[in-house]
Amino acid sequence: MAPLSRRSGPSSFGRALLPLIQRMAASALFARIAPRVLPRLDRLLLARRTGGRVQIARWAVPSLMLTTTGQKSGEPRPTPVACLPERETGAFLVVGSNFGREKHPAWTGNLLTTPEAVVNYKGREIPVTGVLLSAEEKADVWGKLNAMWPYDSYATRAGREPRVFRLVPRRPPGR
């Protein structure tokens with residue numbers, strides 16, 4: 001798979017505001033409001049109308065639309081998720097922080113049950129397999145993930161260890 005483009009991160013506007021945004025994201029107020037507003041806006045307004053090329057969070061951090069299979073329903077479940085692209089492999093690291101709430105986000109349980117999923121990254125559909133990182137693998141990438149977003153504060157507030165997955169691109173059948 002070809003490496004991702006250099007413009008996989010936030011805009012220059014997003015980079016300038018990132019320290020302020022990260023402080024706000026670590027607050028309890030953000031944890032109460034953001035989960036109700038941001039994913040709905042991404043799913044309903046932007047991702048559907050732009051084919052995934054536009055997401056609210058992308059102006060601050062790299063983001064993708066992850067479509068998993070619902071554990072109980074078997075239905076596709078699209079969820080906007082911040083990601084850390086791994087340019088060398090074409091994979092993405094994603095954290096099940098759930099904005100620092102007590103329970104793991106549903107998409108992480110969906111990936112544990114059915115690891116095959118689809119990522120829409122900048123309008124490009126990529127079939128992936130979600131691999132839950134071991135404690136050692138998570139420790140290796142946790143610093144990079146926290147440099148991107150305040151996941152330590154989320155973990156502290158939630159009182160649980162967030163699940164971290166590597167979304168590994170799958171080859172389409174016959175290739």
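**Order of elements.** I read the secondary structure along the sequence and noted the pattern α-α-β-β-β-β-α-β-β-α-α-β. The model is a predicted one. I recorded five helices and seven strands for the protein.

**Burial and contacts overall.** I looked up how much of the chain is covered: 45% of the 175 residues count as buried. The exposed surface comes to about 9,700 Å², and carbon and sulfur atoms supply 57% of that area. I then turned to contacts between residues at least 6 apart in sequence; 69% of these join residues at least 24 apart.

**Strands S1 and S2.** I examined the pairing of S1, residues 63-69, with S2, residues 76-82. The two strands run antiparallel and are joined over seven bridges. For Met65 I noted Pro80 in S2 as the bridge partner. The connection is a hairpin, with six residues between S1 and S2. Within the turn I found Gly74 with a positive phi of about 75°.

**Helix H5.** Which residues of H5 are buried? In this helix, residues 151-158, I listed Tyr151, Tyr154, Ala155 and Ala158. Viewed down the axis of H5, these buried residues lie within an arc of 100°, so they line one face of the helix. After H5 comes Gly159, and I noted its positive phi, near 70°.

I took the pair of Arg166 and Glu86 to begin with; their closest N and O atoms are 2.7 Å apart. This pair links distant parts of the chain, with Arg166 in strand S7 (residues 163-169) and Glu86 in strand S3 (residues 84-86), 80 residues apart. Is Glu86 buried or exposed? Its relative accessibility is 13%, and since buried means under 20%, Glu86 counts as buried.

I then looked at Glu161 and Lys138, whose side chains meet in a salt bridge at 2.8 Å, N to O. Here too the pair links distant parts of the chain: Glu161 sits in the loop between H5 and S7, and Lys138 in helix H4 (residues 135-148), 23 residues apart. I checked the accessibility of each partner. Lys138 is buried, with a relative accessible area of 12%. Glu161, at 56% relative accessibility, counts as exposed, because the cut-off for exposed is over 50%. I therefore recorded this salt bridge as joining a buried Lys138 to an exposed Glu161.

Definitions and conventions:
Residues numbered from 1 in each chain as written. Heavy atoms only, no water. Helix = DSSP H or I, 4+ residues; strand = E, 2+ residues; numbered from the N terminus. Buried < 20%, exposed > 50% of the residue type's maximum accessible area, 1.4 Å probe, protein only. Contact = heavy atoms within 4.5 Å. Areas by Shrake-Rupley, 256 points an atom, 1.4 Å probe, with all protein chains shown as cover. Arc of directions from axis to C-beta. Pairing = 2+ DSSP bridges. Salt bridge = Lys/Arg side-chain N within 4 Å of Asp/Glu carboxyl O.
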